[in-house]
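The exercises below each set a task and then work through its solution in steps.

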Amino acid sequence: MTPEVAAFLDHLAGTRNLSPNTVAAYRRDLLDLEGFARVYLCRDDLEWSEVDRGVIRAFLGEAGRRGLAPRTVARKLSAVRAFFRHLHRAGKVTSNPASLVRGPKLDRTLPGHLRAEEVAALFRWAETRAARENGFAETRLLAILELLYGSGLRLSELASLNARSLDLDRGQIRVLGKGRKERIVPVTAAAARAIRRHLPRRDEVAGPGTRALLVGRHGRRLSNRHIQRLVQSVLEDFAESAGLSVHSLRHTFATHLLDAGADLMAVKELLGHASLGTTQIYAHTSKERLRRVYRGAHPRA
């Protein structure tokens with residue numbers, strides 16, 4: 001790794017306070033570019049001032065030939081642009097060669113989500129199971145599902161929740177989102193009940209001083225992968241659509257809010273999106289909402 005890349009990664013983690021996962025993604029993409037540039041330029045002692053637009057275009061082309069998805073190639077270009085922008089501001093290069101490189105055309109794919117009746121069936125099952133068993137695993141799963149769907153949390157946000165982040169009396173939780181940005185999100189009454197039911201079971205397992213809300217049977221914070229497996233297995237039983245993931249519950253949260261007439265800007269704030277453009281994709285999933293608006297607004301509908 002060149003000193004410039006190491007310094008940039010330190011900047012992302014320290015000054016910009018990005019999450020470890022985001023920094024790791026930047027690291028992979030920039031090391032990928034670094035390795036390609038050394039071979040392409042036949043230089044072991046790589047100087048970033050020698051990497052021009054042609055090198056970056058060749059790098060992206062090679063990524064495409066390797067079969068990487070357009071969104072992955074676009075992410076790599078975004079990382080390269082940010083890196084060279086940092087070098088330019090530091091006076092290490094005279095310009096940003098990546099700024100004029102066009103990324104791949106991306107299809108605007110609609111996120112998968114559950115239908116209202118599928119959500120109802122899922123929660124009937126989870127609530128009945130938690131009430132009947134009242135065990136650690138059953139009450140934890142219900143709390144996980146309620147927070148993912150009821151508050152629209154990202155997987156990483158859910159896994160990083162601490163017990164002290166909850167304010168169930170006010171019906172809200174403090175969430176640390178992308179870029180370490182903190183936001184307050186509402187908690188449904190159903191989620192609050194599920195969390196209160198689970199907390200005694202959690203306290204039996206969690207060690208002294210454990211901050212995590214969600215823990216495993218050994219008292220340690222539940223990992224992203226563990227939550228992913230738990231939710232994935234449940235979704236396969238209750239959703240007809242194939243390929244749904246933990247993130248699909250967040251998509252479902254947004255889609256159902258818009259279907260019910262929620263304001264797009266309000267949904268943007270609830271999801272913690274930086275730009276409205278990211279939220280607008282959910283508007284395309286709400287066909288039934290569009291039909292209702294048409295029937296209610298058009299004089300001859």
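This is a predicted model: local features need pLDDT of at least 70, side-chain atom pairs count only at pLDDT 80 or more; totals for chains, interfaces and linings use all residues.

**Exercise 1. Find the contacts of Phe 238, leaving aside its neighbours within four places in sequence.**

Solution. Taking contact to mean heavy atoms within 4.5 Å, and leaving aside neighbours within four places in sequence, Phe 238 is in contact with Glu 118, Ala 121, Leu 122 and Trp 125. Phe 238 itself is found in helix 9, where helices (H or I, at least four residues) and strands (E, at least two) are DSSP runs numbered from the N terminus.

Residues are numbered from 1 along each chain as its sequence is written, and side-chain values use heavy atoms, with hydrogens and water left out.

**Exercise 2. Describe how the strands are arranged in the open sheet.**

Solution. Begin with the order: three strands form an open sheet in the order 1-2-3, and the pairing is antiparallel, with two strands said to pair if DSSP finds at least two bridges between them. The edge strands, each pairing on one side only, are strand 1 (166-167) and strand 3.

Next, take the pairs in turn. Strand 1 and strand 2 run antiparallel and are joined by two bridges, and Leu 166 has Ile 173 as its bridge partner in strand 2. These two strands form a hairpin with four residues between them, and Gly 171 in the turn has a positive phi of about 70 degrees. Strand 2 (residues 172-176) and strand 3 pair in the antiparallel sense over five bridges; Val 175 stands opposite Arg 183 in strand 3, and Gln 172 stands opposite Pro 186. Their hairpin has five residues between the strands, and there Gly 179 takes a positive phi near 65 degrees.

Finally, look at the faces. In a regular strand the side chains alternate between the two faces of the sheet. In strand 2, Ile 173 and Val 175 make up the covered face, whereas Gln 172, Arg 174 and Leu 176 make up the uncovered one. In strand 3 (residues 182-186), Arg 183 and Val 185 are on the covered face, and Glu 182, Ile 184 and Pro 186 on the uncovered one.

**Exercise 3. Decide whether Leu 153 is buried or exposed, and list what it touches.**

Solution. Leu 153 lies in the loop between helix 6 and helix 7. Buried means under 20% relative accessible area, exposed over 50%, and partly exposed in between (1.4 Å probe, protein chains only), so Leu 153, at 1% relative accessibility, counts as buried. Not counting residues up to four places away in sequence, Leu 153 touches Leu 147, Leu 148, Leu 158, Leu 161, Ile 173, Val 175, Arg 183, Val 185 and Arg 250. Leu 153 and Phe 253 are 100 residues apart in sequence and 9.1 Å apart in space, C-alpha to C-alpha.

**Exercise 4. Identify the residues that touch the most other members of the largest nonpolar core.**

Solution. A nonpolar core is a set of buried Ala, Val, Leu, Ile, Met, Phe, Trp, Tyr and Cys residues joined through side-chain atoms within 4.5 Å. The largest one has 39 residues, of which Leu 158, Ile 173, Ile 227 and Val 231 touch the most other members. The elements that give two or more residues to this core include helix 5 (116-133), strand 2 and helix 9 (224-238), and helix 6 gives the most, with seven residues. Leaving aside neighbours within four places in sequence, Val 231 is in contact with Ile 144, Leu 145, Leu 148, Val 246 and Leu 249. A second, separate core of 31 residues includes Leu 9, Ala 37, Ala 58 and Leu 60.

**Exercise 5. Compare where Cys 42 and Asn 134 are placed, and give the phi of each.**

Solution. Most residues other than glycine have a negative phi, and most peptide bonds are trans. Cys 42, in the loop between helix 2 (20-41) and helix 3, has a positive phi near 55 degrees and counts as exposed at 70% relative accessibility. Asn 134, in the loop between helix 5 and helix 6, has a positive phi near 50 degrees and is partly exposed, with a relative accessible area of 34%.
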